[in-house]
Structures are given as structure tokens and as C-alpha cells.
Amino acid sequence: MTTSNDIPLAAKPVDRAAHHRTDPEWLDAAIKREDVLVFLMQGGKPLLDASGKSLVWLGPEVARLQPQAERLFMGKDKAGAPIFAISMAKGFKLEGSLIEGTGEFTDMRGAAAGLELMQANLASTARSILEWHRSHRFCSKCGGESVVAEAGWKRVCPSCNGEHFPRTDPVAIMLATKGDKCLLGRQATWPAGFWSALAGFVEPGETVEQAAARELEEEAGIKADPANAEYLFCQPWPFPSSLMVGIIIEADTTEVSVEQDELEAARWITREEARQVLAGTHPDIYAPPAMAVAHHILKEWAMRDA
Ligand SMILES: [Zn+2]
């Protein structure tokens, strides 16, 4: 059975070695080590080599690129080498720099699909945290400007001593089923033929199962009991920082009534059709890409015996 450990962006995480985050001397020495592994991000995009399938790995020479750059300690690889992500300033240009010709800053959605699992997890984690820093420069308690602490995993406010931690927002992503059928939906802005599982943010005071049932009714008019939800696996999703929680939920009703603000249409397909969708042989539906957790939810259900 598929678990969260198999899901792209979640698989093959490095040892975060979080105890080093509070040790500035260790961090200062670590980034100068010969075996240090450093990758660059700019505006949420990782620097990939010409193949587009690997991060560009830099060593201690990175200190000469942008000495004041924000550095994020990602952890250690299997050999114990420290790994950092460096956030390059908006104005940094590859042309004319020390690393001209090594690669290109590449959109994360495209990058994630090509990177091997550990690198995809690293780039995606760095993106979520760096985007959080970008949008949380000011203290939510007093409005003062906060500063980066603990190797990038925290912000503190010098004015009120407030501490702020990177957030991750849970999203229920659910495949409603009824016997041998499952429900797919599509948004008007999606490419023609693209259908996926329904999804929505978990609200305060709500369980993931309750959010799945509520969203299903709000978006598609389908009623379901949260008690009939089954958790499958989850995936951190760096756009900007969600945790997609995969659910299969048995529906009580089948009559679809879509909320046009959210969905353009929703439709029931059979298990056999779901298998065709995944195989790429369905006449008018194509599957979410393998990078998306929706793909794996559909696959998990489609491969079960009726
Ligand atoms: Zn403050």
C-alpha cells in the first residue's frame, strides 16, 4: 500500500538535525566545510542544472556570491554533510556572477516533477519556508519588523519578543466514492479534460474528515458522514505551504449540484474508467500528474477490488 513515504515532495526527507539550528557557531563553521552542500533559491525558484533534473550543488565558495544572503539550514545528508538553502536577493543575476552558466532558476512546479525525490523534498521545503519569510516580515502581535532566527526556522520580534514559526495549512483532498464509482471535479480555469479530486482548507475547530464532508457538500452538493472518511496519506505542497491530507470518503448521496464559484463541473466515473484515466486511455479525462497527491488517491482507489 502507498504511504506518505512514497508520495513525491514528501519522500526521502533528510535528517533535519534540528538541534543545530540554535547553535550559530556550528552553523557558521558548517557552511565553510569542504563537504557542505548548498543550493540556491530565488523568488521561490530553485537553481537547476542544464539537465533540469538536478539542483546545482555549491560548496563553501557560496559565501563569496552574496555574503549577507539569508541561509536556511536544511539538515544533513546520509554522510553527515550539512545542507543549506540560500535565498538569493531579487536583484541577483546569474549573468556575470561566479556561477554563470551552471543552470537556471526554474519554476517549482516544473522543477519538482523532474527532480529526484530527496532534491524535490529539499527544494519544496526551502520554497515553503522562504516564501513564509517573504510574507511574514512583520510581527503579527505588535507590527514591528521581525528578524530571522534559528537558521531560518523561526522569526523573532525585537520589539515585543514575539516568536513566530513557519506555518503549514492543512487541506482535505478527498475522493468521494459510492459503491463502484468515484467523484471527480474540475475548475473552469483548468486545461480541457483535466479532472481531479475535490479539496478544501480545514477550518479552525474542524477535523480533516469533517472538512472533507463539508467541502464535498459545499462544492458538489454531495452529502457524506465524516465517520465514513478514510485517511490515506499526506503531502506537503509548497504553493505556498499546505499539507494535502488525502481522504477517501463514502458518500450518502449521488446527485451533483456544483457551486459555480468553486467548480465548473463534477461527475461520477466508474472504477474501470478511473483505471483508464490513470492509464491515459480514457476518451475525455486525463489524470492529475504523478507529482500531485490526487493522482495517488485516485490510483489507490482504482486499484482496489470492487
Ligand atoms: Zn512584536
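Let's start on helix 5, on the face turned away from its buried side: the exposed residues there are E272 and A279. Helices are DSSP runs of H or I with at least four residues, strands are runs of E with at least two, and both are numbered from the N terminus.

A word on the model: it is predicted, so local features need pLDDT of at least 70 and side-chain atom pairs count only at pLDDT 80 or more, while totals for chains, interfaces and linings use all residues. Residues are numbered from 1 along each chain as its sequence is written.

Now, which residues of helix 5 are buried? In this helix, residues 271–279, they are E273, A274 and V277. They sit on the same side of helix 5 because they cover an arc of only 105° around the axis, taken from the directions from the helix axis to the C-beta atoms. These buried residues pack against strand 10 (181–186), strand 14 (265–270) and helix 6 (293–302); contact means C-beta atoms, placed from the backbone, within 7 Å. Just after helix 5, G280 has a positive phi of about 80°.

Let's step back to the whole chain. It is divided into domain 1 (4–138) and domain 2 (169–302), with bounds from an automatic or database domain assignment. Their C-alpha centres lie 32 Å apart. The contact between them takes 13 residues from domain 1 and 13 residues from domain 2. On the side of domain 1 that touches domain 2, helix 3 gives the most, with 5 residues.

Notes
Contact = placed C-beta atoms within 7 Å. Buried ≥ 20, exposed ≤ 12 C-beta atoms within 10 Å, placed from the backbone.
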